[in-house]
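We will go from stop to stop, with something to select at each.

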Amino acid sequence: MNEPLHRSLGLTDEEAEAIEKLLNRPPNHLELAMYAVMWSEHCSYKSSRLHLRRLPTEAPWVLVGPGENAGVVDVGDGIAAAIRIESHNHPSAIEPYQGAATGVGGILRDIFTMGARPIAVMDSLRFGRPEDPRSRWIAEGVVSGISGYGNAVGVPTVGGETVFDETYSGNPLVNVLCLGLMPADRLVLGQASGEGNLAVLLGASTGRDGIGGVSVLASASFGDEEEEAEKRPSVQVGDPFEEKRLIEACLALLDAGLVVGIQDLGGAGLTCATSETASRGGVGMDVDVAAVPRREPGMAPFEVLTSESQERMLAIVAPDGLDDVLAICDRWDVQASVVGRVTGGGQLRVRDGSSGPSIPASAGRSPVPAFDGPVLGELPAASLHEEAPLYDRPRRRPSDWEAARADTAGNLPPPADVGTDLLSLLSDPSWIYRQYDHMLFCNTVFGPGGDATVLRLKHPASGADTGRGLALTTDGNHHWCAVDPRTGTAMTVAEAVLNLACVGARPLALVNCLNFGNPEHPEVMWQFSEAVDGMAEACEAFGIPVVGGNVSLYNESNGHNIDPTPVIGLLGVIDSLTRVPPGLAWSDGDRVIVLGEGAPELSGSRWAASTAGHKRGRLPELDYEKHRRVAGLVAGLVADDRLSAVHDVSSGGLGVALAEMAVVSDVGFRGARIHDHAELFSEAPSRVVAAVDPELLPEVEEAAAASGVAVTRIGLATGGRFAIKGLLDLELAAIADRWRSPMSGSEDQAQ
Amino acid sequence: MTTKVGVVVFPGSNCEQDVVEAVGTVGGSGELLWHKDTCLGDVDAVVLPGGFAHGDYLRTGAMARFSPIMGAVERFARDGGPVVGICNGFQILTEAQLLPGALYKNRGLKFLCQPAVLRVESMDSVLTRGLTVGDELNIPINHFEGNFICSERVLDQLREKNQIVFTYRDNPNGTTADIAGICNENGNVVGMMPHPERAAHPLLGSTDGALLLKGLVSGD
């Protein structure tokens, strides 16, 4: 193989030329490796940046928007919430357990980097069909990885979603969201400042794991299995105990005011952390590779600089605070080594101090390098970020777009037996979330398994209960987005808004994880651009700022691009949290109503996709004004304790919503006015099923009328059967059996 | 006098603040103790909280029992001081041989975080002295290694001396004789896998855990 070095590092010929021009000389091997990781799709967002600018990011309560390690919003009572979601798709495809585990580790570091204590993780998972042994292996490995790492690191996994679908076989999606809290006045940014300040590397030693992870793994597609096996050394290995101590040590350093800036080491390792902190602070940095503690001998400087070994942080500290920093790290048994020094100018200089003199250690203190060793590489720190390529990749609407839109799912043959089809859409995700500690910190009022998670909001410093709550949901729907990425993404945002309404919360901030195929395919870029527009439109309509995001491209295996899968995380607040929200479980005798109305459109529905493989047609209409009215009404009714159960209508339509409510409450349903399978399985937005005590029904109906929301009485919660007049009649026990069989064929499992 | 409960923090512990908060809600005061300390100060009771002390590396609790503070905890326990191990704390107490038996991996080899119904089997422990045998309590579990095992001889002794404090109504993990918690002969050292601190606030679905902690802070 005589491939030029830059290509084997993942750089194109044009990019290599640009680097030479920037430096006014050919880069050496080390410098080239540093550019290769920083200019990778994963780190530079070179294909997506142009589009992401169209998202609304501002609101009075936004303290930090996109571009930092995490978005930060003011949630009142002097508390700020940091939130971020990130993908770990490619590593999880190769090594499910470690891929998912290090995904959790990475997102936690993004949060405590901001000065916030991580209090909750959500995971949004997508795998191939469970009948496929490999997909099953991936699913079980990912769930074990999240459980093994998340539980041990001591941050509860409070919810998420799991979807099984053919489109993800060979390319699973593992998106992990983390929420953290901090006193609003203690926001820290990942920047270096103050010439002479020291860069201290905290945590694990540096090994060869994950070298080139961002460029080799995350920014290329998968081919055959042999090729995947070769990529296995690029997957990092996680140690939750190291991370737990690192969290405690870093938060203690921040509490003591010892840190000027702090940055986690994730993708692109030390190269990213040193150059990002330096360029954000408008300074330069000298880095001594010899001062970096290593796990194995014989590592080349480029390996040290690009390793993605986990559980490491870079803290910028004043020299006179170093002793205190080392003392705190020692208390938590966290390794701390001075590896860099802030300089004037903007150059990032990599030196090798292995032969040079250094200040001798005094009383157990780690030596401060002299930073006078030979220079191995030197480049403008900002050039790794600001000069990164920006691509406006070609976009093309699919050539059969018009024909596809005309092909409505309404033309599909109706089911031979509606009940059988309904059963095929059901499954219980509790086998997943039972493996996650979702109760730690005693905040989880409403955990996995509902429309949204509800957490008590306690002050992060004093622990004092504010009497208010936070609500969180993650949502994605690739069926909708495959049919129409723009409307599908807007509907996803709308669904999240309604999920929050079902627990009485109003939305505050959105984060997104945009999982798409190969951006070099114009149709994939079109999907991406459309999805961004749909998200922008919906966020503007609902007044929700986008405070952070992550883009995962090249989700392609064996030439097959995944269906477009934008996943969103939505954070909301509950102004008075005095009781547990109603949830899905109704009581015998409750009247069951639908709030809101929609056309019986089957295009884009899970029924159409999973029973007929149909992913065409036109999505049902999303009317923002109508949606806002429904969400406002539902949130109000929940806050006023007027509903005994509530569930939004989404994937699987009214049928799945009603069946889930019946099965979790162990009380059947006797209904009418759902005339055919289209009305049962349509996923038209802006609708909620509510169960109401008969005495409160008039009041609820009046409130709906006052809000201009249609109400349809559809039946009664009662007995041991699940029956809809003229449509289906099932034993509740049959639904429960189907529901409880783990990894049953059905694909969507809200957690 | 407010009862002062020392809650030991090992590296990897994660339920310590939850215990402090819950102890506060039943009128006690919680104070964190560091595992490298060698004395307990003036605490009236000790809790070893849940989590993954020392990463649970080697074996759950195997390294924690060698943390410097454990010498003081052992002396305190032998002098009759109330010591409660919750989840990982229970595992540490068995490793330290302050309680018999061991906690093995769950049947099914999966981590389990879920509600559980406990039955009070003994009123002779510092947690249950205010309760009645047969009382049912809703208190969640959260563990991978909660499957209590012991020899027949030990099991006979636990039964004879009334040392089985709680059993599960529906055995979730294969534990011997449905055991969820045990105590020593004097009843002052208690280990339990369920987390009472997670059932001490009305918004968390159950306040049954508060009944146990109340027993701890109300003293004799």
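Which strands of chain B does helix 2 (residues 69–78) lie across? Select them and look: strand 1 (4–9), strand 2, strand 3 (45–48), strand 4 and strand 13. The helix runs at about 125 degrees to strand 4 of chain B. Axes are lines fitted to C-alpha atoms, for helices over the stretch in contact, and angles run from 0 to 180 degrees between N-to-C directions. Helices (H or I, at least four residues) and strands (E, at least two) are DSSP runs, numbered from the N terminus.

Before moving on, note that this is a predicted model: local features need pLDDT of at least 70, side-chain atom pairs count only at pLDDT 80 or more, and totals for chains, interfaces and linings use all residues. Residues are numbered from 1 along each chain as its sequence is written, while chains are lettered from A and ligands numbered from 1 in the order in which they are written.

**The sheet**

Now select the strands of the open sheet in chain B. Nine strands follow the order 2-1-3-4-13-12-11-7-8, with mixed pairing. Two strands pair if DSSP finds at least two bridges between them. At the edges are strand 2 (29–34) and strand 8 (136–138) of chain B, each pairing on one side only. On average, neighbouring strands here are turned by 20 degrees against each other, direction ignored.

Zoom in on strand 4 (residues 83–86) and strand 13 (residues 189–192) of chain B. They run parallel, joined by four bridges. Click B:Ile86: opposite it stands B:Met192.

**Chain B as a whole**

Zoom out. Chain B has five helices and 13 strands. Its C-alpha trace spans about 40 × 35 × 35 Å along the principal axes. Of its 220 residues, 58% are buried (20 or more other C-beta atoms within 10 Å of a residue's own, with C-beta atoms placed from the backbone; 12 or fewer is exposed, in between partly exposed).

**Where the chains touch**

Show both chains. Two residues are in contact if their C-beta atoms, placed from the backbone, lie within 7 Å.

**Last stop: chain A**

Select A:Leu595. Leaving aside neighbours within four places in sequence, its contacts include A:Val630, A:Leu633, A:Val634 and A:Arg687.
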